[in-house]
Amino acid sequence: MNPVLAIAGVELRRFFRDRSNIFFVFIFPLMLILLLGIQFGVGSAGPIVAVAGGEGTPLARDLTDRLKAEGLTVRPDAASAVRRDVSRGSTDVGLFISEQAGKAYDDAGPVELEVLAAPDASGQTALQALRATVRDLGRTQLQLRALMDGGVTEDAARSALARAKTSAVEPTVQVMESGGVSSEFRGLGRFDLGAAQQLLLFVFLSSLTGAAALIQARRYGVISRALAAPVTAARTMTGLALGRFAIAGVQGVYILLGTALLFGVDWGNLWLAMLVVGVFSLVAAAAAMVVGSMLDHDGAATGVGIGLGLVVAGLGGCMVPPEFFSEPMAAVSRFTPHRWAYDAIAEVQRHEAALQDILPHLGVLAAMAAGLLVLGTWLLRRSLARAL
Amino acid sequence: MNALTALVANDLKQRLRDKSVLIFGLLVPVALMTVLNLAFGGLGDDGPALKPVTVIAGVEDEGPLGDAVLESLVSSPALEVSVQRVAPGDVARTTLDGGSSLGIVIPKDFTESLTTGRAATLQLTRGSTPSLETDVLISVVKEVVNELHAASLTASAGRIAGLSPAAASDLARSTAAASPLMALKESTAPTEQLPLSASLVAGQTGLFLLFTVGFGVVGLLVEKEQGTFARIRSVAVPPWTITASKAVVGFLLGVAASTVLLTSGMVFFGVAFGSPVVVGLLVMSAAAAATSLTFIVVRLVRSAEQANVAQSIIAMVLGIAGGAFFPLQSTGFLATVLELNPVGAFIRGLGISAGGGGIGDVLGPLGVMWIFAAACTLLSRFIPDRSAAQ
């Protein structure tokens, strides 16, 4: 049997024999994609407004209907719970309807409502929407009052207003994206962006934590014994990297297909997306070999693997989309394989890119993989001279 | 007591020599805090303060209402707005190229359409970067258009009700000029939340506390695997001191790492967490809760390797659910479950403390962590020790 394939096969068997890997490789990524999609994805629930008091009154009903129509999530709750939730940030705005306010609304009189907003940006956005809704309701009251002050009876005023509304066309405010960052995410589904980011984060992270396996192989003399046979360091390294590549590739394809089937993620051309993940997996496998050859303690390698995996993912746009990065941060992100893979997937997912469109991205990723593999082979050879 | 001290001192020496504690407890969280701060920095400031903005306007309307819309933007009390007029065809390009917040095109027949009840469309173009300022501007424009439409409707309703055109127009003007009938008495909640930078520091500290504490207690399994556990038991040392020493080591490592991380956050990112006494109490309570959790882990697993994996899974799940990377919004039963999370309680406690809260104010989060610690310690007594069963 080809020694490269034999070494890769051993790596694969060792990986799948450890059932704990199943959680981090197969379950956790999908859980996180689901969570991110629900919390932050396109079409996720709008700002939350909690309403205390005014149960069953026309004021509460009208406010709730209009706020919901504006895309806000409205839920009734007790006053103390509303205050607690707003201060903790689990609710954006708390609205308190007193008995007097309900009565005043019924009589078309002046109404004052107490509102408590969270101090963050989300709270302020929700407050702005609430202000507009309340003003809108108040305007109707004002129109009625003006007509009644002009000598029109209440019923006649209501009827005239209703007729005026049906005969006039309501003006519209059309909001368009001008391009740039805002339009970059247009058309993406709720889970699409998070799935692309978590796919890259986890494929790289899982591969890097596998560096500990290489250290164990060195510690138990497996590498030395393999090199005692007519197998070169380069072939040994290729076999080990191939094993990690296979694991990363399987995980990548699993996330691609799993998210498409479970969450309806639209990857664009799935074959091209798989190609990007494949080349990215090569970089991840080679990086794991470098870490595994540089360090001598498997616990430290796991720590460095998780740390490096998360940090490089953050720099590469897998936590915050790189479209939001400042110029210097965007420049730094170009040194990470994640950024090139992210851009390639974005091209395929959002712009229906063809193979030739993403060739530059794939080229950079392939060059990174080759560079890391050469570095890893050299480091592995040096590491064998060290005592563990 | 001497035996306990000796065991603790020996374990601490070993753990400090072990690079994993340094990597997991300090290097990785500090690196992550830095990267997350840099990455999230592009999403805007911590506070809701609105920056001055420029609106690019292209006005074709020859009536007064187009100018009234722009006037209302400039006089908006919500934020400082300056208007730059360009040709209507250049609005989108200028808005994008110039980094403006909003572009607005007011069509030729805007005034006439509004006053006669015909269809009128105002075109807004968002700037290239999403911002709170743009959302506020859009709200203001919608508000003004609604007010103008309402005035037009009042005049129309007046005419329908039999008033003279002049009287109806007067009504429209009085409606537009009148004070709003419905008002909001606004106040800001006493916050239990940290600003963005501080919440990242607190979140990463809480998350990696779970890893760091684990190194101390999981040492018990390493001792069993290496045979040193049996050798210690063969000498005249009370058996409880061995377990206690691991718990003390885990607790001390957790407290030390968390203190260094929070201090690093204060020094490098300029964040503040309030009274050192309250923060210290929160750190110790969180370390106690994390230590008690590892008691359960060491009884459930068979080897140190399994314990490390289980510890990682628990740390990541509790960390993410507690808001170590981003705050989770939830309501109902899920919110109650999330509140029992020690990482969430730790972050919430630091939020209260940062807002000037004293010990009495953080009793809620402290209570969550204490109950969590007591429940885990108690539960671990009833779980069969799988590593001993080998």
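Author: A polar contact is a pair of N or O atoms within 3.5 Å, and within protein one of them must be able to donate a hydrogen and the other to accept it. The model discussed here is a predicted one.

Reader: What makes the pairing of the side chains of Arg350(A) and Tyr342(A) a polar contact?

Author: The two side chains come to 2.9 Å, and the cut-off is 3.5 Å, so the pair counts as a polar contact. The side chain of Glu323(A) also makes a polar contact with that of Arg350(A), again at 2.9 Å.

Reader: Where does Arg350(A) sit, and is Arg350(A) called buried or exposed?

Author: Arg350(A) belongs to helix α16 of chain A, which covers residues 337–351. Its relative accessible area is 15%, and buried means under 20%, so Arg350(A) is called buried.

Reader: Which residues is Arg350(A) in contact with, once its neighbours within four places in sequence are left aside?

Author: With those neighbours left aside, the residues in contact with Arg350(A) are Glu184(A), Phe185(A), Leu188(A), Leu193(A), Glu323(A), Tyr342(A) and Ile345(A).

Reader: Turning to the two chains, how much area do chain A and chain B bury between them?

Author: They bury about 8,000 Å², of which 68% lies on carbon and sulfur atoms. Arg88(A), Arg139(A) and Pro171(A) together supply 8% of the area that chain A buries against chain B, more than any other three residues. In terms of contact, 93 residues of chain A meet 88 residues of chain B.

Reader: Why is the pair of Glu143(B) and Arg139(A) called a salt bridge?

Author: The closest N and O atoms of the two residues are 3.0 Å apart, and the rule asks for a side-chain nitrogen of Lys or Arg within 4 Å of a carboxyl oxygen of Asp or Glu, so this Arg and Glu pair qualifies. The count between chain A and chain B is 4 salt bridges, and the rule for polar contacts finds 17 residue pairs across the interface, both residues being at pLDDT 80 or more.

Reader: Which element gives the largest share of the side of chain A that touches chain B?

Author: That is α6(A), with 19 residues. By type, the residues on this side of chain A comprise 52 nonpolar, 26 polar and 15 charged.

Reader: How do you know that β4(A) pairs with strand β5 of chain B?

Author: Pairing needs at least two bridges, and 7 bridges join β4(A) to β5(B), residues 182–188, so the strands pair, and they run parallel. Within this pairing, Glu112(A) stands opposite Ala183(B) of β5(B).

Note on methods. Residues numbered from 1 in each chain as written. Chains lettered and ligands numbered in written order. Predicted model: local features only at pLDDT ≥ 70, side-chain atom pairs only at ≥ 80, totals over all residues. Heavy atoms only, no water. Contact = heavy atoms within 4.5 Å. Buried area = accessible area lost by both parts, 1.4 Å probe. Helix = DSSP H or I, 4+ residues; strand = E, 2+ residues; numbered from the N terminus. Nonpolar A, V, L, I, M, F, W, Y, C, P; charged D, E, K, R; others polar. Buried < 20%, exposed > 50% of the residue type's maximum accessible area, 1.4 Å probe, protein only.
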